[in-house]
Structure formats: C-alpha cells, structure tokens
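Here is a walk through one protein model.

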Amino acid sequence: MTDTRRRVKVYTLNEDRQWDDRGTGHVSSGYVERLKGMSLLVRAESDGSLLLESKINPNTAYQKQQDTLIVWSEAENYDLALSFQEKAGCDEIWEKICQVIPLFFSVCDRACMFMYN
C-alpha cells in the first residue's frame, strides 16, 4: 500500500501569478551535504526523479495555509507551494520545518515568525 500522507503536488508561481503544476511525488526532509543543511526533497512518483530540493532557510517565511498547503519564496519572484494529499503529511513536514528554524508560531499557528535578538 502506498503511503499517501506525504504525497504532494509541487507548484511554482509563474510571471502571470498563476500556479504551475511541476509534478506529483513524495516529500521527505533530510540533510543535504551539497546545500549544507536540512532540506525538503520531493521525488516524482512516476520515476523517482527529483522534483524539488529546497534547503530550509531561516530567512524564509514559510506559511501553512488551510490544512494541506505549505508556501514560501526561495528568491525574488520564485514562489513555491507543496499541496499535500493528506493533512497528516502537511502537519509532519510543517513540524520538520519548524524544528530547523528558530521561530515561534503566530497566534493562528499558520505562519513562521522569526525572533531577532
């Protein structure tokens, strides 16, 4: 039986401010030596190819929207979204993001807010 918890669609926001579907796969988190940090990895369910390799960056504002969506910007004009098939998978990856970066949750527990000393 396939683990549907971590099944996601990867989206990027195009210049027309429309979301483009980059593929469906399974997300995991782990340390990537080349990026020197914990990262989100999405492998295509069709052939196992890498759809996304994104270092979890403490200077990035990640947002959890609704129950099954995580969005963030990697660079100016490069927005990404992971749309999860199941809420449990979204919650699990959200926890991984929040373990990596020094943050506290906003009142609504939807956006990472950074603490600066």
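The protein chain has one helix and nine strands. Read along the sequence, their order is β-β-β-β-β-β-β-α-β-β. The model is predicted, so confidence comes next.

Mean pLDDT for the protein chain is 85. Of its residues, 83% reach 70 or more. Confidence is highest in strand β1, residues 7–13, with a mean of 97. It is lowest in strand β9, residues 112–114, with a mean of 44. Over residues 104–117 the pLDDT is below 50. That stretch still has 31 contacts in the model beyond near neighbours in sequence. Where pLDDT is low, the predicted coordinates should not be read in detail.

Now the chain as a whole. It has 117 residues, of which 39% count as buried. The accessible surface comes to about 7,100 Å². Carbon and sulfur atoms hold 48% of that surface. Among contacts with a separation of 6 or more, 35% join residues 24 or more positions apart.

Turn to the interior. In soluble globular proteins, nonpolar side chains tend to be buried together. Here the largest nonpolar core has 19 residues. Which of them touch the most other members? They are Ile70, Trp72, Leu82, Phe84 and Ile97. The elements that give two or more residues to this core are β1, β3 (37–44), β6, β7 (78–84) and α1 (87–100). Helix α1 gives the most, with five residues.

Isoleucine 70 shows how these pieces meet. Leaving out residues up to four places away in sequence, isoleucine 70 touches Gln63, Leu80, Ala81, Leu82, Phe84, Cys90, Ile93, Trp94 and Ile97.

A search of the whole structure finds one aromatic pair. Its partners are tyrosine 62 and tryptophan 72. A pair of aromatic rings is described by the distance of the centres and the angle of the planes. In this pair the centres are 5.7 Å apart and the planes make an angle of 40°, which counts as tilted. Tyrosine 62 lies in the loop between β4 (50–55) and β5 (63–65), and tryptophan 72 lies in strand β6 (residues 69–75), so the pair ties together parts that are 10 residues apart in sequence. Both residues are buried.

Next, the charges. Side chains of opposite charge can pair when their charged atoms come close. The structure holds nine salt bridges. One of them joins aspartate 21 to lysine 9, with the closest N and O atoms 3.1 Å apart. Aspartate 21 sits in strand β2 (residues 19–32) and lysine 9 in strand β1, so this pair ties together parts that are 12 residues apart in sequence. Are these two side chains buried or partly exposed? Aspartate 21 is partly exposed, with a relative accessible area of 42%. Lysine 9 is also partly exposed, at 32%.

Aspartate 20 pairs with arginine 22 in another salt bridge, with the closest N and O atoms 4.0 Å apart. Aspartate 20 is partly exposed, at 26% relative accessible area. Arginine 22 is partly exposed too, at 48%. Elsewhere, Lys64, Lys87 and Asp91 are linked in a network of salt bridges.

Glutamate 33 and lysine 36 also meet in a salt bridge, at 3.4 Å from N to O.

Where does arginine 17 lie? Arginine 17 is found in the loop between β1 and β2. Its phi is near 65°, again a positive value in a residue other than glycine. Arginine 17 is exposed, with a relative accessible area of 54%. Glutamine 18 lies in the loop between β1 and β2 as well. At 48% relative accessibility, glutamine 18 counts as partly exposed. Not counting residues up to four places away in sequence, glutamine 18 touches Thr12 and Leu13.

Notes:
Residues are numbered from 1 along each chain as its sequence is written. This is a predicted model: local features need pLDDT of at least 70, side-chain atom pairs count only at pLDDT 80 or more; totals for chains, interfaces and linings use all residues. Side-chain values use heavy atoms; hydrogens and water are left out. pLDDT is the predictor's confidence in each residue, from 0 to 100. Helices (H or I, at least four residues) and strands (E, at least two) are DSSP runs, numbered from the N terminus. Contact means heavy atoms within 4.5 Å. A salt bridge is a side-chain nitrogen of Lys or Arg within 4 Å of a carboxyl oxygen of Asp or Glu. Buried means under 20% relative accessible area, exposed over 50%, partly exposed in between (1.4 Å probe, protein chains only). Rings of Phe, Tyr and Trp (its six-membered ring) pair if their centres lie within 6.5 Å; planes under 30 degrees apart count as stacked, over 60 as edge-to-face and the rest as tilted. A nonpolar core is a set of buried Ala, Val, Leu, Ile, Met, Phe, Trp, Tyr and Cys residues joined through side-chain atoms within 4.5 Å. Accessible areas come from the Shrake-Rupley method with a 1.4 Å probe; for residues, only the protein chains shown count as cover.
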